[in-house]
Each structure stands twice: as structure tokens, then as C-alpha cells.
Amino acid sequence: MREITYAEAIREAMSEEMRRDENVFLMGEDVGLYGGAFGVTVGMFEEFGEERVRDTPISEAVIAGAAAGAAVTGMRPVAEIMFMDFTTIAMDSLVNQAAKMRYMFGGKAKVPMVLRCPAGSGTGAAAQHSQSLEAWFCHVPGLKVVAPSTPADAKGLLKSAIRDDNPVIFVEQKLLYRKKGIVPEEEFIIPLGKADIKRKGTDVTIITYGRMAESVLSAAADMEQEGISIEVIDPRTLVPLDRETIIESVIKTGRAVVVHEAVKTGGYGGEIVSAISESEAFDYLDAPVLRIAGKDVPIPYNPELEKAAVPSVAEIKEAVRKVMNR
Amino acid sequence: MDEKEKMVEMYKRMNEARSFEEKVSFFFARGMVHGTTHLSVGEEASGVASCMALEAYDLITSTHRGHSQVIGKGIDLNKMMAELLGKATGYCKGKGGSMHIADIKAGNLGANGVVGGGHGIAVGAALTQKLKKTGKIVLCFFGDGAANEGSFHEAVNLASIWRLPVIFFCENNFYGMSMPLSKHMNIKDIVKRAEAYGIPGYIVDGNDAVAVYRKVKEAAEYVRSGKGPVLIESKTYRWLGHSKSDANVYRTKEEIVEWKKKCPLKRFRAYLLKEEILTEEEADAIERKAKEDIEKAVEYANNSPEPPIGTLLEDVYA
Amino acid sequence: MAVEVIMPKAGMAMEEGTIVKWYKKEGDQVEAGEALLEIITDKVNMEVEAEVSGVLLKIVGKEGQVLPVFTPIAYIGKEGEEVETETTGKNPEQPEKKEKEELKKENVSVSEKKVRATPAARKTAKESDLELRDIKGSGPKGRIQKKDVLSLRTSVNKMTPLAEKIAALEGVDPALLEGSGYDGKITKEDVMKQIGQRTKEKGKPVKGKIVPLTPMRKTIGKRMSDSFFTAPTFTLNIEVDMRKTKEMKNTLKAAIEEETGFTPTITDILVMACAKNLKKHPAVNTAITEEGLLIYDDVNIAFAVGLEEGLFVPVIKNADKLTLSEIVTISRELVSKAEHMSLRPDEQEGSTFTISNLGMYGISHFNPIINPPNSAILGVGAITDRPIVRKGEIRINPMMNLSMTIDHRAIDGAPGARFMQNLKELLEDPIKLLT
């Protein structure tokens, strides 16, 4: 099995879909000759040409708006917003236009677009280039939200997202771009709305997604030594959420911790915790469900401060011990 | 349809728009149309004639003040009235209402409740036409108020650099809700902004149906030939308030009366009679027919079922 | 005239049942065949269906109540019809008293500090009919965890064998006893103290926590003491060299896993060996009945499955006619059903011989109690490597003790011994199982 990076996996997904379907095209700031701010689209301009790999001016509102307009008239645009932080400028196009068209037009529109959003901290880019804003979009019916944690998931899910007939917000954590992982060479897709059990365990369920999956898995490996068996569930798609897999696991373990990089207050973790407490799993809980999430602060510049703003492996382990009453 | 037939059809649709909105106003007062509604009485030439200058297969994005526009594009009045009354048979199954009339198959990409919300969609739709080489163009309606939205500038610039087939059609009715143009921008003519984005711009008398028709026809040819977008500023006036909750405190009675004298329907009728396209009797008949058709639409809508509550959760996702 | 709904007798041995949950409430229209409520018998949860259509006029059996079979629990009739309460008078004070008690308890808990417990602990306590207030929590700030409830639940039933025997003899309810032994185990002294007090303070309420026995626990107790005190038993022990059987198991492992998806165990092979051997020794495959000695035609082997919820003894029917793969498949299905409390009564009845294996707990040998109406039960001990002498040489082989308890009324020593001898031969040279 070959290993490729997360960025390469995303590029492969887009290239394969563009070869498969001529309606698929890319647009965004510097995605063309430059190859994207994070090099994700390197080489695609050469293969597909400027018509299908379109550089846009620095105009996020119209990038998202034009993607919606192209989608509703039969194309399958994959638009990139260079930093998820800049989706603020595109919000009307996404929230009031793309997400709503189908419903407010009585089911007569389809908006098959993907908005790729490099997100997250860890690059020293401070407060306006480091946010994880996925929860905002989860709050808008009509949008789907995907946040893969591995190269294989990124590839399989992006292909599904491109083929999906709805607007999909695709969250790519920047620190994952260089991470390598096994990705099958043959074609595959991963359906949206299907969680993955990244590790089997019996004592505590940790639900996490995106970059935090790696930290959680490393905490889980460490804690095996302490005799605590952790099951790690990565929902991969936040909307639609695979509630069954989470609930089934919590019924089994009776303990749950939710981990994400995004700030805690109003974060998607609250939604996951609610899904657990509203479900049959409530009766099996043997400890309060904890959230380990980003601190409620803008991401600071200083590297040590920046690290302290997002969950660490030590914090995750601490939470596990707490739910185990140790 | 030859030019003459088009003119007759145009007159018919302008009358339908007028009758439709009078009816809506009547219903609104009786609580049968809820929420709010934005009437375009006085702007029918702008909305209808611009659409009539397009080919039937071309596309439009409409606005919150869109009744004349979508009727101009050609619409089933029954389904439109049903939608305003929130019925299951409406264009949007009763989920859209006045501000979201859309008929995607017929090229109407939807009215928009957000000022400036249609700019990006129009540009994207135009991109589709260019990529797929369909030969279709897009007409993007917006108002003087929307010309101050960031999306206007982003969209016109993008359409310009990509040479997209889109007509930015500004219905300048001189007020962004209550704020007069003289206060909300420091230029007299919005068309000046075309130059900033390197595209042609024209002013047209928005109450003169023939002038609007000819100018859009000309612009459509230019746009269709692949030369990029055009901005048209159509100066017109809404007789009624911004929405149904408007007390009209920011305008003088005199100003409104003055504009009512320039009624686009009367003006167009005079033209049709003078050019002997219609006789008095024929023109009367068209007006009567328009009223009757609206009554029929009302009847259809009234006899239509309410959307079942079970449809509430439908059509969120494809 | 309203028709009674009764606590049904759902199995030969069932004497009482617990009402788990009513699906219907008073005033509901019900159809014949529709499920009215869920009950627990001594072994399974099951639904009680309406026998007639009509309106559910009155519910007299409350959720959580343990009632003898045939007790009326509800009435179905015509809308507005009066229910004659005379029939409910059979057991009038019981539900009322219980209600009053519950009322009192509720009042107390409101005035007392609220109990700190996890949802899982609450659920387990409710299922086990335990009061959270009586449980000491081991979690932070005294929070009651699930394991606290579980440990109380098991300690309630922990008794020394002697104490159990005396309690059964004297009719002392073990639930009333507080264990003074190790880890709260109930000893002979505890039972004797209780008997002494009972005679001394007749009528006085006994101190201690009252935990009603589940119907299943009661049934196990009754069956075991019936068996123990009725049958004159003796036990035969034999040591078996399991080297070849283990080798055979390992040889067949892959093939059986491939076929069944399950790994074969020593117990599976024992079931097979016993079944073959019983066919050869019909005297052991018997039961004492009122008409005389019943020599069974079929060989149906029961095997004991010990779970937290209690003891299950599902039956592998016609075991002598099954291949090893079939035995593996059937026994796993039965175990799984036992774990899910979903064994049907017919899957637990009709045994002719029973095997009880405690080897997995490291037990070297033990005297099992016969599972009536069987005449014999085989107790299986752990396989351990032990030095043995073969042809004058000391070798280390995997050895296992088999102990068979026999009802002397049915089987004499010599036939029992021959059965054991042949069983040993089969297991020491398992190729003979093919014959």
C-alpha cells in the first residue's frame, strides 16, 4: 500500500473527479499557476487549463456566490476559500443563497458545490488565519459539513462531496496537509454521514474529528498502558452526523469525551454531547460527558500561547482519567 | 414572435403585473398575504420590457421587488398567485412566498430576499453558459441600493475579467428603502461605476418600455457575442412604499404625483395606438383580459390546498 | 362481564412472574392478540397478549410487582362496565401496602438529600429493584457508579453453601440476611442468628435491607434444594489425560472456524463425547418419575451457563446425532440468547443429562448438584499440566478431573463407573469419537 499526503489525496480526488465529469471545475484565489496557497492544486492548472482551474480576484463573496450560481445551472464547482476565516466575507452567498435555494424554491433547485476551507491553528498565523469555524455552518440547514482527519478519508469524502447534489463545506486542517497516510491506489469513495471507528476500545468513547484525531489516538495508545481501553470515533461528516455509531459506542463504554480544536463555547462538541444525552445512551452513562476543546480565545501569535489554546494530548488523557474516576 | 407581437405581449404582461400587484395589495390588507411584500407598481416597463428583450431561454436573477420582472420573463400566474397565498400548488410549494419566486427550468433563477444576493448567482450562472458554450446570457436585476453592496463590485469585476455573458440591470428608483440616492451615493448616475470595471454602461428611461426593450436588446447582442458584461441603469420610480409597512415619510406627495403622471402603462399604450400596433378596443381588451386572468389566478390559488405539515422537512437536501 | 387478564403460567416450572411494563393503560381499547404488558418469568422476558378485544377497564397488577401465576392483573370489558373487585380481593393488601410503602419512600427521599448517581447506576438499580439510597457510592463526592450497584446486587446473593442449605431447610429468606463473612458473604452464623431472632421477636420487623429475590433466583434456589434434598447422591471422580483431545481440537480449529465462525472448545468436545457415551450407557440417560425409571430415547445435553443475571441451563437436543460443528454452532447460539435473556422456555427444557464446566475458573474438581429431572450431572474441572507416569516414565501432560454426581435411586455405582471409564477412553483417544 502506498502512502501519500493529505494534500496529495485532496488533489487526487479533485483530479479524478475532473477527469470523470467535465462539469467539475475549480475556482479560488491563486489556485491556478501558483498551485494554491498551500500547494494543494499544484499541477492541476497544467493538466486542466485555465478554463477549469480558475484564478479569481480576492473576492470571497463572489467566489461563493458564483459557485452557487454555477451549481444551480448545472456545473459542479469546487471553490477554495484560502483561509476558513475568510468565509465571513462569503457568508451571504453560503448561508442565504446556496443553503436555502433548494428549500425556498420548493425543491426545484440543486446546488452541487463544494467549498474547500483550509482551517485551524498551528501555523503561527494568529487570530485571523487560524480559526475552525465548522460549527457555524453546521447550524445552517441545507449545508453539509465534512472534516476528514486522514489522507484516505479526505480523498474518499471529497469525491463524495463533489458528487453530492448539495453545497458541502469541506474543512481541511492546514496542519494535516503534510501528514502522510495509506491511500488505496484504486478508486474509492467514502459516503457522507458515515463515522469511522479509528480504534476499538471498551472503557471510554472519544469522539473527535480533523486534526485532533491524531492527538486522541496517541492518548489512547498511551492509556492502554494504564489499563484504560479507549474507543475512538471520528464522525468525519458533521452534517449529516452518524449518531448511531456514536450512541452504540457510548452504550458500550458508558463514558464519553468529545475533543475538537474549535473553541468550546458554541462548538460542535456541544451538539455531539446533546446527541448522546438525548439518546438511549443516557441510561448507560457512568460519568459526565466531557468536552475538550479550544480555549475561548482568538488564536494568539506566540507559538507557546498558540499551542496552549488548543487541546493537548495531556489534556485529553486528563479528561479520560476524570471520567474513569482515577 | 415578431417585433409587433412582442410589443403586444409586452403590453399584456405589463398589465398583468399591474393587476397582479393591485390584487396582492388588496390581499395584504386583508391578511391573506403574510410577511411582507415589495410592490413594483410604476416600474413595470423596467421589469417587463427588459425581460422581453431576452430570448426565452436566457436566464434572470430577480429581486425582492420582482413581480414585474418574473411576469416579464413569462410565468404561470396561477402558480405565482398560489405561492403568494402560501399554497401547495405555488412555484415553491408555499415555502418561498413573494420574495422567492423561482422557475429554474424557465430560466428564472429566483427572486432574492437579500439586497445584492443575486449578483454572485448571476455571475456563476453566466460562467456556466460560457463553460458550456450554450449561447445563453444572464440578466441580473438589482436596485440602486444594491449598487452599494460589496457583492455588486465583486461580481461586476469578476464578470468583467472573465468576460461573462451577463447584463447587470439596475432598476434605479432613487431610494434605498428610505434613503435617497443623493444621500446614499456621491454620484448622480450609477452607470458611472461601469467605467471603474472596464465595461460599457448605459442609462435608459425606465418608464419607457420601448426604450428599455431596445437598449436591452442591443446589450444582449453585445453580451452574447462574448465581449463581456454590460451595465444598464434604468431610471424609474416605485409609486408605493418600499414595503407594505412603509409610511412614505421620506418622499413628498408632489414627487409621487409627478411620477404617476409618467405611468409606464399609459405611456406604452399611447405608443401602441400611435404606431397602430393596437386599436383602442384591442388595448382595452388586453387590459380587461389581464384583470380576468388575475381573477382566475386568485380563484386557482384559493381553491388550492395548503401544503401538508408533513412537507415541512422536505427539500432541505437533494 | 369483564374478563380477567391473569399472570400466565409460561413454562412448566413457573410459579410467579414480575410485571415489567404495561404497554396499555386503563381506558385503552385493546384487540385480541395485542400485547398488553411485559413480564419476567423465572427465565425470560415475555409479552402477555390480550385474549379478548375490548376496553382495558382496570389494571390491578402494578409494574414491579411479583405475583403468583393465575393472579388476576387486569380486566377487559365493555366501555363503562364496572369491574367486580371481589376477585381482586384475593390479594388485596399486597398492592396497597406496596403503594403506601412507595409513597412513604418518596416522601423521605424528597426531604432527604438527593442521591448522586450516574444514569447507568440509576438504570441498573431500577432493574435490580435496589434503592439508590441504600448504596454507597465510590465515585467523586460519593457518586454512585454502576459498579457500586452491581457489587451490592451480587453481594446480596452471596452465601456459603452451608448457610444456603440451612436457610433453605428453615425457610429463611436469604434476602433478609446481612452477611458477616468475607466481602459480605452470608455465613451459617448469620442464618442461625436470623432463626433465633425470628423465634424471639416474632412479629417484630427485622433490621437489615430487604432485597426481593428475582423470580429466577428463587427458581434456581428451589430447584437446587429440591434436587439436593431429594436425591441420594454420590460422586465419581476420574482423571483424564487430555493431550490428544487438545491436539484434536487444535487440528480441527481452523476448519470449524471456517465453517461456523466460532472457535471450538473443550466443552463442545465433551458434549459430543458424553452424547456418544450416553447412547452406549442408557442407564445413565434416565430420570426417576412417579411411574418408575424413565430411560430416555433421545440424548439431550444441557450445559450450565453462569451469568451475572443468574444460571441458565440451555439444552442441545439430540446431541448424539450432531457433528462437532453443529454442536459448536448450536451452543454458541444458546449462550448468546442466554446473554440477551432471550432463551425460549423450550430451549431450556427436556434435558436428559447435564454438563457443568467450571474449569475456566481454575476449579480442579467439584461436586455438582443434579439438574432435575436428570439422574446424573458431569462436573468438569480445569485442564492443568501435571506430571504423570506413563510406561514407567514421568511425563507432563494436560490433565483434567471429571466428577459425575449420580442419583443413586436411578443409577448404581458400577454402571456409573463404567460410563466414566468409557468417557475417559474416548477423551484420551478421541479418534474413537468417529466410531
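Predicted model: local features only at pLDDT ≥ 70, side-chain atom pairs only at ≥ 80, totals over all residues.

Residues are numbered from 1 along each chain as its sequence is written, while chains are lettered from A and ligands numbered from 1 in the order in which they are written.

Let me start with chains A and B, where the contact takes 36 residues from chain A and 34 residues from chain B; two residues are in contact if their C-beta atoms, placed from the backbone, lie within 7 Å. On the side of chain B that touches chain A, α5 (118–132) and α6 (150–161) of chain B each supply at least two residues, and α5(B) gives the most, with 10 residues. Helices here are DSSP runs of H or I with at least four residues, strands are runs of E with at least two, and both are numbered from the N terminus. That side of chain B divides into 18 nonpolar, 11 polar and five charged residues, where Ala, Val, Leu, Ile, Met, Phe, Trp, Tyr, Cys and Pro count as nonpolar, Asp, Glu, Lys and Arg as charged, and the others, Gly among them, as polar.

Chain C also touches chain A: nine residues of chain C are in contact with eight residues of chain A. Helix α2 (residues 119–127) of chain C gives the most to the chain C side, with four residues, and that side holds four nonpolar, three polar and two charged residues.

Now to the helices inside chain B. The axes of helix α1 (residues 3–29) of chain B and helix α2 (residues 44–52) of chain B come within 9 Å and cross at roughly 140°, which makes α1(B) oblique to α2(B). Axes are lines fitted to C-alpha atoms, for helices over the stretch in contact, and angles run from 0 to 180 degrees between N-to-C directions; those under 35 degrees count as roughly parallel, over 145 as roughly antiparallel, 65 to 115 as roughly perpendicular and the rest as oblique. The residues of this contact divide into seven nonpolar, one polar and five charged.

What does α2(B) do with α9(B)? The axes of α2(B) and helix α9 (residues 209–227) of chain B come within 8 Å and cross at roughly 40°. On the α2(B) side the contact is made by Ala45(B), Ser46(B), Ala49(B), Ser50(B) and Met52(B), and on the α9(B) side by Ala209(B), Val212(B), Tyr213(B) and Val216(B). These residues divide into seven nonpolar, two polar and no charged.

Finally, chain C has 10 helices and 18 strands. One open sheet of four strands has the order β5-β4-β2-β7 (chain C), with antiparallel pairing, and its edge strands, β5 (45–49) and β7 (66–68) of chain C, each pair on one side only; two strands pair if DSSP finds at least two bridges between them. Strand β2 (residues 16–22) of chain C and strand β4 (residues 35–40) of chain C pair in the antiparallel sense over four bridges, and the bridge partner of Trp22(C) in β4(C) is Leu37(C).
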